[in-house]
Amino acid sequence: MIKKYGGIIALAIAVLCWGPAPVVSKLALAEIPELSFAFLSRSLAFTILVLVFLPKGYFKIERRDLPIFFLAGLTGAVLNVGFFLYGLQHTTAMNSQVIFTIAPIITAIFAHFLLRERIKLVQSFAIAIGFIGAIIISLQDFFETGSFNSGNMIGNFFVFLAAVSWVAYILISKKLSKKYSPITITCYSFMIASFVFAPLALFENRNGLVWISSLGVAGIFGIIYQAIFASVIAFLAYQTGLKLTSAFTAGVILYLNPIITVVVAYFFIGEKITPVFLIGTVFIIIGSLIATQYETLKYHAGKRWGRINSEINL
């Protein structure tokens with residue numbers, strides 16, 4: 001029970017780091033091309049991981065597991081990031097959030113069939129509740145004004161691919177977490193991302209680093225934030241939570257992301273927190289709590305009911 005609570009806390013830390021990421025990235029991408037941004041942030045993250053964890057032996061793995069590590073890094077730190085950043089360039093942050101909330105649904109379904117993780121009926125309803133809340137927040141403008149900005153279809157499609165890639169990463173990482181530390185999985189994920197994004201960034205800048213002249217605070221802060229908070233801290237926390245909980249719980253708790261994103265947007269780009277937002281917040285919190293705490297609530301309820309029955313019988 002203690003391990004499960006520790007896992008949920010770790011997942012919450014990851015979400016707190018990831019929540020502001022769309023806003024920070026959106027501002028940074030106005031100054032830095034997406035592949036260069038991905039390379040710089042992931043390379044900085046990998047450098048930090050090497051300096052801290054290489055001397056402690058966290059990079060030691062069995063050679064036969066290299067293909068699985070490569071798949072984890074490719075899906076979680078390359079395809080997910082690359083697709084999302086490209087999609088973010090061509091669609092709205094609001095659309096990207098509502099599309100990405102599909103990830104927990106896909107995770108739960110895949111975990112059920114591939115990892116044999118059971119999903120109870122109550123948890124299925126909880127998924128639906130959280131999903132509805134995420135849609136309410138993501139489509140806030142539509143519910144308030146009746147207008148809907150669908151964004152660019154190409155951008156929406158790439159964000160969807162990012163969500164599918166993230167689901168693949170969750171499932172692959174869950175398998176690796178039975179044998180390796182979350183630190184090891186994270187280190188290799190960013191090592192692979194650095195190597196893959198390097199030639200892509202070089203190709204992107206084949207005509208010169210013309211964007212350097214317009215690089216400002218938003219771009220520099222975006223690189224640092226993505227490297228330290230949205231990468232190193234978030235990935236380590238998420239891997240820890242994934243190891244201590246289930247793929248289902250790790251996926252469902254991502255429903256909290258839209259809440260944090262909108263809060264950050266409120267302070268940095270002036271979006272208003274309206275009744276629609278508050279309604280969506282309630283849906284997401286209720287859905288997440290029921291989905292992640294169902295077994296605990298059932299255990300305590302059963303224990304209390306048993307005590308009441310004993311008192312009645314006496």
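Is cysteine 187 buried or exposed? I looked this up first. Cysteine 187 is buried, because its relative accessible area is 0% and buried means under 20%. I note for later that this is a predicted model.

**Entry: cysteines**

I checked cysteine 17 next. Its relative accessibility is 8%, so cysteine 17 also counts as buried. Then I searched for disulfides. The structure holds 0 of them. I wrote down a reminder: a disulfide is a covalent bond between the sulfur atoms of two cysteines.

**Entry: nonpolar cores**

Which residues touch the most other members of the largest nonpolar core? I found Trp18, Phe37, Phe100, Trp166, Leu176 and Tyr238. That core has 70 residues. My background note: in soluble globular proteins, nonpolar side chains tend to be buried together.

**Entry: aromatic pairs**

I searched the whole structure and got 18 aromatic pairs. Such a pair is described by the distance of the centres and the angle of the planes.

I took phenylalanine 46 and phenylalanine 59 as one example. Their ring centres are 6.3 Å apart. Their planes meet at 70°, so I call the pair edge-to-face, because the cut-off for that is over 60 degrees. Phenylalanine 46 sits in helix α3, and phenylalanine 59 sits in the loop between α3 and α4. They are 13 residues apart. Both phenylalanine 46 and phenylalanine 59 are buried.

My other example is tyrosine 86 with phenylalanine 158. Here the centres are 4.7 Å apart and the planes are at 65°, so this pair is edge-to-face. Tyrosine 86 is in helix α4, and phenylalanine 158 is in helix α9, residues 153–176. They lie 72 residues apart, so I marked the pair as a link between distant parts of the chain. How accessible is tyrosine 86? At 29%, tyrosine 86 counts as partly exposed. Phenylalanine 158, at 22%, counts as partly exposed.

I also found a cluster linked by ring pairs. It holds Trp18, Trp166, Tyr169, Phe190, Phe235 and Tyr238.

Arginine 206 lies over the face of phenylalanine 203, at 4.1 Å from the ring centre.

**Entry: aspartate 65**

Where is aspartate 65? I found it in the loop between α3 (34–53) and α4 (66–90). Aspartate 65 is buried, because its relative accessible area is 9%. Leaving aside neighbours within four places in sequence, aspartate 65 is in contact with Lys179 and Tyr180.

**Entry: helix α13 and what follows**

I checked the length of helix α13, residues 257–269. It has 13 residues and reaches 17 Å from its first C-alpha to its last. That is close to the 18 Å expected. Which residues of α13 are buried? I listed Asn257, Pro258, Ile259, Ile260, Thr261, Val262, Val264 and Ala265. Just after α13, glycine 270 takes a positive phi of about 80°.

Lysine 272 is in the loop between α13 and α14 (275–313). Is lysine 272 buried or exposed? Lysine 272 is exposed, because its relative accessible area is 65%. Its C-alpha is separated by 8.6 Å from that of valine 262, 10 residues apart along the chain. Leaving aside neighbours within four places in sequence, lysine 272 is in contact with Gln140 and Tyr266.

Terms used
Residues are numbered from 1 along each chain as its sequence is written. Side-chain values use heavy atoms; hydrogens and water are left out. A disulfide is a pair of cysteine sulfur atoms within 2.5 Å. Buried means under 20% relative accessible area, exposed over 50%, partly exposed in between (1.4 Å probe, protein chains only). A nonpolar core is a set of buried Ala, Val, Leu, Ile, Met, Phe, Trp, Tyr and Cys residues joined through side-chain atoms within 4.5 Å. Helices (H or I, at least four residues) and strands (E, at least two) are DSSP runs, numbered from the N terminus. Contact means heavy atoms within 4.5 Å. The expected span of a helix is 1.5 Å times one less than its number of residues. Rings of Phe, Tyr and Trp (its six-membered ring) pair if their centres lie within 6.5 Å; planes under 30 degrees apart count as stacked, over 60 as edge-to-face and the rest as tilted. A charge sits over a ring if NZ of Lys or CZ of Arg is within 6 Å of the ring centre and within 35 degrees of the ring normal.
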